[in-house]
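Welcome! Here is a short tour for anyone meeting this structure for the first time. Have a look at it, and then we will go through a few of its parts together.

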Amino acid sequence: PIADFYAANSALTSYTVCEGGSITFKDFSYNGTISSYNWSAGGGANIASPSASVTSITFPTAGATTVALTVGNSTGSNTKVRNVYVMNAVPGITGPTNESFENQGVPSGWSVINPNSNSAAWDQTFDVVCYDGFGAFFIEGSKCATGQIDYLETPIIDVANNQDQSFSFALSYAQKTTTQNDVLKVQGSKDCGGTWNEIASLSASFMQLNTGGVTTNSYVPGSQFEWKVVDVSAYPQWNQYKTSSSVKLRFVFTEGGTGQG
């Protein structure tokens, strides 16, 4: 047999879990009838059913670790190993916070993820007139290929105990043509980034309205009036995060179908 396994939750986008959290794994081995299963994991993990085809594993300690499944039958055995990342679930934001990106670089606890090497990613700029202060994070669409996706993630936020339990941001955007279909989504996670769910999806036509408009010229905001505030907490999906003390949010920009927007 050839060993293989995946998370039983198909919504799990990475093998990432909060400290003290658990993941259910399911056997997907092949190339022979399986007669034995043996799960193992590092980092002091607790395995609910070590010899079953499906098991839940709890990870008590933050850090990188591994999960392994060994399967066997009368002809032999084989092992598959996967990496698991156990994240510290202590909130980086516990009270009312305003992040204006004034300090050089990615703020503490934030992260920029660029799955497309040698392409534009979320970056910092001080060369615009901002909604607040002098800094902003931006995507240079003219350097983005069709379908390119880029992520800007927040630290873990204690929403449940935060004043107003709200989240909003200011944006400014120019649409290259009326058919350019870029999308900016706001997604949330309550398991340190293991699974993400959509809270808001903003179309290109919505973003350009009362901000940068439609133009083929290179665009940077030249006035505070070219920004508008999006209240994420006004979207119905936000309600599932209001009672959580461990929320990560991320801005997901997807370049439209024609690219170079």
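In this predicted model, the side chains of Asp 158 and Asn 161 make a polar contact at 3.1 Å. You will find Asp 158 in the loop that links β12 (149–153) and β13 (168–171). Asp 158 is buried but takes part in no salt bridge, and Lys 190, the nearest side chain of opposite charge, is 12 Å away.

Ser 244 belongs to the loop between β16 (228–231) and β17 (248–254). Its relative accessibility is 12%, and buried means under 20%, so Ser 244 counts as buried. The side chain of Ser 244 also reaches the backbone nitrogen of Ser 246, at 3.1 Å.

| Residue | In contact with |
|---|---|
| Ser 244 | Ile 157, Asp 158, Val 159, Ala 160, Lys 190 |

Next comes a sheet. Four strands form an open sheet in the order β2-β8-β7-β4, and the pairing is mixed. The edges are taken by β2 (16–18) and β4 (36–41); each has a single partner strand, so one side of each has no neighbour in the sheet. On average, neighbouring strands here are turned by 30° against each other, direction ignored.

Which strand is joined to β2 by 3 bridges? That is β8 (residues 76–87), which runs parallel to β2. Within this pair, Val 17 has Val 86 of β8 as its bridge partner.

Definitions and conventions. Residues numbered from 1 in each chain as written. Predicted model: local features only at pLDDT ≥ 70, side-chain atom pairs only at ≥ 80, totals over all residues. Heavy atoms only, no water. Pairing = 2+ DSSP bridges. Helix = DSSP H or I, 4+ residues; strand = E, 2+ residues; numbered from the N terminus. Axes fitted to C-alpha atoms, helices over the stretch in contact; angles between N-to-C directions. Buried < 20%, exposed > 50% of the residue type's maximum accessible area, 1.4 Å probe, protein only. Lys, Arg positive; Asp, Glu negative; His and termini not counted. Salt bridge = Lys/Arg side-chain N within 4 Å of Asp/Glu carboxyl O. Polar contact = N/O pair within 3.5 Å; in protein donor to acceptor, adjacent residues only side chain to side chain. Contact = heavy atoms within 4.5 Å. Lists of a residue's contacts leave out its neighbours within four places in sequence.
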